[in-house]
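Hi,

Here is the structure I promised to pass on.

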Amino acid sequence: MMGPKQEAQAALFYEFSLEGHVPQDHLLRSIDRFVDLNDIRHYLAEFYSHTGRPSIDPELLIRMLLVGYCFGIRSERRLCEEVHLNLAYRWFCRLDLSDPVPNHSTFSKNRHGRFRESALLRHLFEKTVARCIADGLVSGQHLAADASLIEADANKQNSTPKEDWDRNAIDPNDAPRAVKEYLDVLDDAAFGAASEVEPKFTSHSDPASQWTAARKGPAFFSYSTNYLIDTDHSVIVDVEGTRSIRQAEVGSVRTMLDRIKKQHGIEPERLIADSAYGSGPMLGWLVDRDINPHIPVLDKSGRTDGTWSRADFEWDAENNQYICPEGEPLKQFRRNYSDPNRGPSGKGVAKYQALKHTCQACPSKMKCCPKADTRKITREEHEDARQVARDIAKTKQYAVSMRLRKKVEMLFAHLKRILGLGRLRLRGPNGANDEFLLAATAQNLRKLAKIFPAPQQISKA
Ligand code: SF4
């Protein structure tokens, strides 16, 4: 039998419980148990005036931002609409049905103002990491690092080619916020000072972003988000925004390793990364700190003409010499110098050479040095560390590490596809860092919620 037609009837009174309407297995219920904002008011106290109109509760703004980053709602205007309409979002933000949702313009004032000045977002991220450590998700032994390009909020139409770009022509007093930040970070190793090479184009709206074609497709302006993760449960233990060039990305890993040691006392046994991080200075830096580099060595000594490369020669550390495949020594010095600073060594590079008459009589000369009288080999300053990495690359643990490295890439895929962070909405290095911190916090919270879901209430039959 067909029932009566549904008619909308406005009741005078409702008995309604927001708590009862949010499903027990809703993701936000699980996330809520790991969001600790008890100290936020105390943390921000000095950034508020003692006079004037009462402000919006900062905890409400942070909860709304977390909803936005956890569910891929990137627009602040849309976030306000969603929180207004969605009961679960209201419950998470501690808003009752009749409570008004803050205006989207409130976010800009707080994000660019007191949240940034107080480094609140980093404080929030560090607390989430500390929670992951306390819950046993981070052993801190096997870490992996990688970087991913995130498109900046900048277009080529609004940019200048490098030959016409003149940073001295910018008036700092009349420049937008992102341009002022660009001037502020010119000496910062993660941004302006990362490389002396001028980018092909510089954006007017966000000059600190990097014009890059690293994705092998059309070039665009971008920043890099750099992740340092613990491979046990893919928890992000640190995040850093940089320009999208290798020097800056590699430098950020050093910054992050120093920071997690200071912040959380994490001293990893190994660092896993791809060959972009396998330069001599980086490997030397790691080995000096007793961190095993599970990193492919960046080695340009290989030869393409079929002759033997440096890897075919055995290093004899005890006698400071190489041994060639024919068993002959290649030495740096053929006589003893009383002054160790004398001798034919260049800056940071040592040269090793076989005896001319030995090579001339060698049956393998055509495979070794067909065009030279004798074979010469150079040894860079950090060759010992590179050898440590090469030896590690022969172990079974290294093969395991190369599989674990994919965990960082999976986090980047999640960041872009699920959290929707394919393009930044905020400009400037600070804007990029804020977005990366919030996104990493959201990813860690989702991880905690997935591993420790909220207990389900058993319904009374
Ligand atoms: S050419 Fe000289 S360095 Fe090369 S294998 Fe022969 S002896 Fe050794």
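Asn 226 stands opposite Glu 240 in β6. Before I go on, some ground rules: this is a predicted model, with local features needing pLDDT of at least 70 and side-chain atom pairs counting only at pLDDT 80 or more, while totals for chains, interfaces and linings use all residues. Residues are numbered from 1 along each chain as its sequence is written, and side-chain values use heavy atoms, with hydrogens and water left out.

Back to the strands (DSSP runs of E, at least two residues, numbered from the N terminus; helices are H or I runs of at least four). β5 (residues 220-230) and β6 pair in the antiparallel sense over eight bridges; pairing takes at least two DSSP bridges between two strands. Four residues lie between the strands of this hairpin, and Ser 234 takes a positive phi near 60 degrees. β6 (residues 235-243) is mostly covered, with nine of its nine residues buried. Buried is under 20% relative accessible area, exposed is over 50%, and partly exposed is in between (1.4 Å probe, protein chains only).

**Core**

The largest nonpolar core has 104 residues, and Tyr 227 and Leu 228 are among those with the most contacts inside it. Helix α18 (residues 428-451) gives the largest share of this core, ten residues. A core here is a set of buried Ala, Val, Leu, Ile, Met, Phe, Trp, Tyr and Cys residues joined through side-chain atoms within 4.5 Å.

**Salt bridges**

I get 31 salt bridges, counting a side-chain nitrogen of Lys or Arg within 4 Å of a carboxyl oxygen of Asp or Glu. Glu 240 turns up again here, in a network with Arg 122, Glu 126, Asp 238 and Arg 259.

Glu 380 and Arg 310 also form a salt bridge, with the closest N and O atoms 2.9 Å apart. That pair links distant parts of the chain, 70 residues apart: Glu 380 is in strand β13 (residues 376-380) and Arg 310 is in the loop between β8 (292-294) and β9 (314-316). Glu 380 counts as partly exposed because its relative accessibility is 30%, whereas Arg 310 is buried at 7%.

Then there is Lys 261 with Glu 267, at 3.8 Å, N to O. Lys 261 is partly exposed at 47% relative accessibility, and Glu 267 is exposed at 52%.

Glu 269 and Arg 270 meet at 3.2 Å, N to O. Glu 269 is partly exposed, with a relative accessible area of 26%, but Arg 270 is buried at 8%.

Cheers
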